[in-house]
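Here is a short report on one protein chain. Please keep the sequence and the 3D view open while reading.

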Amino acid sequence: MTFHSEFPKIGETDQKDHGAPAIRRSLSEIVAEYDAKAESIPGAIEAFKRAETAINAAACIGGTYGGRVFATDPSLYERDVRLTLLRSAWKHVYEGLNIENIASAKDRQQLDLKLTKPLPFTLENIAEVFGSYLLDQRFHVLKGLAECFTDLDPAYKSHSKVKIGVEGLPKRIIVSYVTGWNSWGRERVKDTLNALRVYRSQPRYTYREFEDTMDEVQRHGEADFCGGIIRVFKNGNGHLIFDPEGRKDINHALAEFYGEVLPDAPNEAEAKRPSTDVARDLQFYASPRPVAETVIDALHLSGGEEILEPSCGDGALMDELARRNADLRENRMSGAVSVTGVEYDAARADLARAKGHHVMTANFLQVAPDPRFDKVVMNPPFYGRHYKKHLDHAVKFLKPGGCLVCILPASAYYDHGTTIGDWRDLPVGSFASSGTNIPTGYCVYYKPRA
């Protein structure tokens, strides 16, 4: 990522809409101030110690102790001053770039943790931590809204249910425990209403505004919010009831964010070919590393297993398996795992082989079943229900007692009911770096022992 040191002037972006601090300096100027102050810390501490000595001397006669001058211990350590300066610099940029009004609620929690023990304050690290929020603000605003709504109702986890014109989006959402101060439900309500306000280019609720709204709810049983009303009942549960404009905004925002997966057939005629045929334009979404780490964890490798990856693409999942092999060797655990990939696209198969992976170029659906594998891990085509053919065929390669982990669009579970084993959602936007925001998850299946 390129990140120009003179861009942006903090506080000039979205200031009118969201009230960003008017800190009109370039990032390079702020880094320069940080560097200068960091360099001056030893001198400042020395000056403090001289002042402390002078005050103590002024408060005694002939060196005779007369009591404490300072209410608390005035000890000062350079490491503490440096950490305080570092946190101040990062917080200054965080607030000045208006990240709070761009990042989702979950991202803000992660950023809070990062800024507790922040990276060195350099332009490169600022770009790494904050760059994507500035370069693609729309993505993060929509992601924040999607995270809130998928947490509250499974209907919002299906890209097919939020298409424009599709009926059936919930008109109300039930949220538990909204009356308890700082409760889970109260925080979910606040995050959800803020996500909707940010989507509408409105400022987030201030602490006082939100508390006043919740006080009104508790006094009168309900209160208005942008997009509908919130109603609370005696059991402490709340209902977010959306008006037509609110539902329309939610629908359009999620439909824009989720988009569509590419079809694995360029036309209807192609789609009607025999089920084992592979379309000429098979869509491909590589598994990002965080996804790969999650699904490989679900395999619970102990070493020595024989693993199959159907439709392995350019080897993203196999890359993670290779890293696990290196860990097994380093820790002198049981033998390394053996991995075999199958990939129809010759160019992608060559890319995987170039990284040292064992890959067979073939249409997986036409490979004869061979139930010799301890584990199968896969990321089949997402479009429509084509994935089901791959999933059903892959099971035939498992040993009795073997484990299969399969990445799927969330619609496989929430709409089609065609998954097997246990279902687990992946975080919103897990495949954004691969070109799709379709909600995803994975199923974990253990083949019964004979």
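## The seven-stranded sheet

In this predicted model, seven strands form an open sheet with mixed pairing. Their order is β7-β6-β5-β8-β9-β11-β10. The edges are β7 (359-361) and β10 (422-425). Each edge strand has a single partner strand, so one of its sides is left without a neighbour in the sheet. On average, neighbouring strands are turned by 15° against each other, direction ignored.

Two helices that pack on this sheet can be traced next. Helix α11 (residues 289-297) touches β8, β9 and β11. The direction of α11 makes about 155° with that of β9. Helix α13 (residues 346-354) also packs on the sheet, where it touches β6 (338-343) and β7. The direction of α13 makes about 165° with that of β7.

Start with β5 (residues 306-310). Strand β5 runs parallel to β8, and two bridges join them. Within this pairing, Leu-308 stands opposite Val-376 in β8.

Strand β8 (residues 373-378) also runs parallel to β9, here with five bridges. Val-377 has Val-405 of β9 as its bridge partner.

Next comes β11 (residues 440-446). Strands β9 and β11 are antiparallel and share seven bridges. Ile-407 is bridged to Tyr-442 in β11.

How much of β9 is buried? Nine of the twelve residues of β9 (residues 398-409) are buried, so the strand is largely enclosed by the rest of the structure. As background, side chains in a regular strand alternate between the two faces of the sheet.

## Salt bridges within helices

The whole structure holds 28 salt bridges.

In helix α7 (residues 184-199), Arg-188 and Asp-191 form a side-chain salt bridge, at 3.0 Å from N to O. The two residues are three places apart, so about one helical turn separates them. Are these two residues buried or exposed? Arg-188 has a relative accessible area of 16%, and the cut-off for buried is under 20%, so Arg-188 is buried. Asp-191 is at 10% and therefore counts as buried too.

In helix α8 (residues 207-220), the pair is Arg-208 and Asp-212. The closest N and O atoms of this pair are 3.1 Å apart. These residues are four places apart, so about one helical turn lies between them. Arg-208, with a relative accessible area of 44%, is partly exposed. Asp-212, at 40%, is partly exposed as well.

## Other salt bridges

Asp-370 and Arg-372 form another salt bridge. Their closest N and O atoms are 2.7 Å apart. Asp-370 has 33% relative accessibility, which makes it partly exposed. Arg-372 has 32% and is likewise partly exposed.

Which residues are linked in a network of salt bridges? They are Arg-289, Glu-293, Asp-297, Glu-320, Arg-323 and Arg-324. Residues 289-297 make up helix α11, which packs on the sheet.

## Asn-125 in helix α5

Asn-125 belongs to helix α5 (residues 123-135). Its relative accessibility is 14%, so Asn-125 counts as buried. Which residues does Asn-125 touch, leaving out those up to four places away in sequence? The contacts are with Trp-90, Leu-119 and Pro-120.

## Confidence in the model

The mean pLDDT of the protein chain is 85. A value of 70 or more is reached by 88% of its residues.

Two stretches call for care when reading the view. Over residues 1-7, pLDDT stays under 50. For this stretch the model has 18 contacts beyond four places in sequence. Over residues 10-22, pLDDT also stays under 50. Here the model has 37 contacts beyond four places in sequence.

How values were computed
Residues numbered from 1 in each chain as written. Predicted model: local features only at pLDDT ≥ 70, side-chain atom pairs only at ≥ 80, totals over all residues. Heavy atoms only, no water. Buried < 20%, exposed > 50% of the residue type's maximum accessible area, 1.4 Å probe, protein only. Pairing = 2+ DSSP bridges. Contact = heavy atoms within 4.5 Å. Salt bridge = Lys/Arg side-chain N within 4 Å of Asp/Glu carboxyl O. Axes fitted to C-alpha atoms, helices over the stretch in contact; angles between N-to-C directions. pLDDT = per-residue confidence, 0-100.
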